[in-house]
Amino acid sequence: MIHLKKIAMAAALAISFVSPAFAGGGASGVWIMENGKVTVRIAPCGGNLCGSIIAMKKPLDKQGKPKVDKENPDASLRTRPIIGLTILSNMEPKSDNKWAGTIYNADDGRTYSSYMKLLGDTMKVKGCVGPFCKSMKFKRVN
């Protein structure tokens with residue numbers, strides 16, 4: 001019985017030393033793109049991380065209506081609002097402060113391989129097609 005208690009305490013202690021950044025806690029929060037164009041909330045989802053647009057610098061189109069996902073290849077999704085759209089999906093921890101998954105680009109309606117790297121209060125996000133990548137920087141809001 002005492003042996004089982006020691007094993008349980010050792011396991012609990014080991015779990016408490018898991019890096020919060022590796023578990024996703026370090027990247028969770030609200031992030032604004034360096035140019036101020038988009039604000040994203042990153043949060044745990046299904047054991048990984050996901051990111052959804054929560055605000056935009058210019059949320060309205062030329063007609064004064066909320067911007068929608070008009071470039072989506074699925075016609076049934078073209079009327080969904082950009083604000084609230086999940087753009088980072090299945091961001092799986094790869095090492096401390098690094099994740100890999102996919103990113104959806106509403107500007108062209110395509111989904112790309114994506115990588116996130118946490119650098120203090122800055123998050124570098126890459127969207128890639130093969131060896132070609134585009135990087136964006138986000139600053140932590142909270």
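The tour of this predicted model visits charged side chains, beginning with a surface patch and going on to salt bridges.

Begin by selecting Lys57, Lys58, Lys62, Lys67 and Lys70, which together form a patch of positive charge on the surface. Within that selection, centre on lysine 62, which sits in the loop between strand E3 (48-56) and strand E4 (86-95); lysine 62 counts as exposed because its relative accessibility is 84%.

Next, turn to the salt bridges, of which the model has 4. Select aspartate 69 and arginine 80, whose side chains meet in a salt bridge at 2.9 Å, N to O; both residues lie in the loop between E3 and E4, 11 residues apart.

Move on to lysine 94 and glutamate 92, where the side chains form another salt bridge, at 3.9 Å from N to O. Lysine 94 is exposed, with a relative accessible area of 52%, while glutamate 92 is partly exposed at 38%.

Finally, select aspartate 121 and arginine 140, a salt bridge in which the closest N and O atoms are 3.4 Å apart. This pair links distant parts of the chain, 19 residues apart, with aspartate 121 in the loop between strand E6 (110-119) and strand E7 (122-129) and arginine 140 in strand E8 (residues 132-140). Aspartate 121 counts as exposed at 52% relative accessibility, and arginine 140 as partly exposed at 25%.

Note on methods: Residues numbered from 1 in each chain as written. Predicted model: local features only at pLDDT ≥ 70, side-chain atom pairs only at ≥ 80, totals over all residues. Heavy atoms only, no water. Patch = residues over 30% accessible without salt bridge, like charges linked within 9 Å, V, L, I, M, F, W, Y side chains within 5 Å. Areas by Shrake-Rupley, 256 points an atom, 1.4 Å probe, with all protein chains shown as cover. Lys, Arg positive; Asp, Glu negative; His and termini not counted. Charge placed at Lys NZ, Arg CZ, Asp CG, Glu CD. Helix = DSSP H or I, 4+ residues; strand = E, 2+ residues; numbered from the N terminus. Buried < 20%, exposed > 50% of the residue type's maximum accessible area, 1.4 Å probe, protein only.
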